[in-house]
Amino acid sequence: HPYSPETSEAACIRILNGFTYRKKNLFMGRRGTKAKHSVTCTTRIIPQPPEHNQQPLSSLSFRNSRDKSLNKPASKASTSTASPSINILSILIDPISRSEFQRSLPKTSAILANNGFANFTKYTVVGDNSGPNQSALFSGMPLKHRDGIKSSSSSQKNQKSHRWIWDVLRQDLGYATLKAEDGCVANSNMMQSINPNTTHGKALHELFCFDYERPNCLGSLGMSEHLISYAKQFITMYSSGKYKLPWEAFLSFVDTHEDTMTLGKLLDEPLSQFLE
């Protein structure tokens with residue numbers, strides 16, 4: 001295991017309720033039934049130094065994907081009057097339509113409307129599943145086929161024409177970065193499958209694979225609540241004090257990846273409280 005108690009940012013413990021351990025590595029009850037257990041988990045942020053010297057976000061001018069490069073350093077004249085770096089929070093609910101978002105998350109929708117968030121009514125898809133659309137959102141380039149997301153690792157330095165925004169922010173601008181999903185999916189074309197090269201987030205994926213209960217719960221909390229709590233710790237750590245850095249957090253919620261269209265409603269309360 002790559003983590004130790006000193007370096008791990010997530011930990012869980014499983015407690016058996018009145019059952020004993022038997023052979024074949026199975027927890028069995030008195031009548032041969034599977035033992036009941038309770039799970040509790042915790043997270044933390046271990047601060048990391050910036051990968052490079054900090055630069056303002058405006059010191060990079062982003063180019064169209066047809067130019068075969070996602071970014072290009074701006075001239076010295078433009079950087080001398082650049083504004084301070086800004087923090088970035090991205091919340092993605094995958095998948096959900098605009099109308100379903102308004103129905104299932106009324107509190108969150110109201111907060112966005114009341115605080116003047118822009119509503120891009122002509123925003124549309126460029127692919128038939130999550131991978132190509134998220135790739136277009138986070139790199140400016142849609143993928144041509146479903147398996148492309150797994151072969152486009154953010155750690156590949158030779159992929160100059162397909163560079164993830166979190167790589168630009170961390171490697172070129174000195175940002176503290178976080179990318180995580182509230183689910184245990186390691187073999188799909190979702191974003192977590194590419195193992196994004198961010199400052200934080202990897203430990204959280206293993207946390208969500210530790211245990212699972214419906215509806216998308218880990219222990220007594222929903223996985224979305226664990227993700228939001230971790231994001232709050234991340235934002236607090238890098239927003240002030242000696243570890244202060246510009247930060248970006250890309251949070252993906254996959255609770256709506258089911259057919260009943262009901263689990264998405266469980267996101268409304270934690271998301272609305274987070275945004276308030």
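1. Is the crossing of helix 7 and helix 8 left-handed or right-handed? The crossing of these two helices is right-handed, a term used when the near helix is turned clockwise from the far one by less than a right angle, with anticlockwise giving left-handed. Helices here are DSSP runs of H or I with at least four residues, and strands are runs of E with at least two, both numbered from the N terminus.

2. Before going further, please keep in mind that this is a predicted model, in which local features need pLDDT of at least 70 and side-chain atom pairs count only at pLDDT 80 or more, whereas totals for chains, interfaces and linings use all residues. Residues are numbered from 1 along each chain as its sequence is written, and side-chain values use heavy atoms, with hydrogens and water left out.

3. On the overall make-up, the chain has eight helices and 11 strands. Of its 276 residues, 42% count as buried, where buried means under 20% relative accessible area, exposed means over 50% and partly exposed lies in between, with a 1.4 Å probe and protein chains only. Among contacts (heavy atoms within 4.5 Å) between residues at least 6 apart in sequence, 68% join residues at least 24 apart.

4. Helix 7 (residues 223–239) packs against helix 8 (residues 268–275) at an angle of about 15°, with the axes 10 Å apart; the axes are lines fitted to C-alpha atoms over the stretch in contact, and angles run from 0 to 180 degrees between N-to-C directions. The two helices are therefore roughly parallel, a label for angles under 35 degrees, while over 145 is roughly antiparallel, 65 to 115 roughly perpendicular and the rest oblique. Ser224, Glu225, Ile228, Ala231, Lys232 and Ile235 of helix 7 meet Pro270, Leu271 and Phe274 of helix 8. These contact residues divide into six nonpolar, one polar and two charged, with Ala, Val, Leu, Ile, Met, Phe, Trp, Tyr, Cys and Pro taken as nonpolar, Asp, Glu, Lys and Arg as charged, and the others, Gly among them, as polar.

5. Ile235, which lies in helix 7, counts as buried at 18% relative accessibility. Leaving aside neighbours within four places in sequence, Ile235 is in contact with Trp247 and Phe274.

6. Helix 8 also packs against helix 3 (residues 106–114), and the axes of this pair come within 7 Å and cross at roughly 25°. Helix 3 and helix 8 are therefore roughly parallel to each other. The residues of their contact divide into five nonpolar, two polar and three charged.

7. Six aromatic pairs are counted, a pair being rings of Phe, Tyr or Trp (its six-membered ring) with centres within 6.5 Å, called stacked when the planes are under 30 degrees apart, edge-to-face when over 60 and tilted otherwise. The rings of Phe138 and Phe250 have centres 5.2 Å apart and planes at 80°, so this pair is edge-to-face. Phe138 belongs to helix 4 (residues 130–139) and Phe250 to strand 11 (residues 247–253), 112 residues apart, and both are buried. Trp164 and Trp166, with ring centres 5.4 Å apart and planes at 10°, are stacked. Ring pairs link Phe138, Trp164, Trp166 and Phe250 into a cluster.

8. Helix 5 (residues 165–173) has seven of its nine residues buried, so it is largely enclosed by the rest of the structure. Among those buried residues are Trp166, Asp167 and Arg170. Gly174, which follows helix 5, has a positive phi near 75°.
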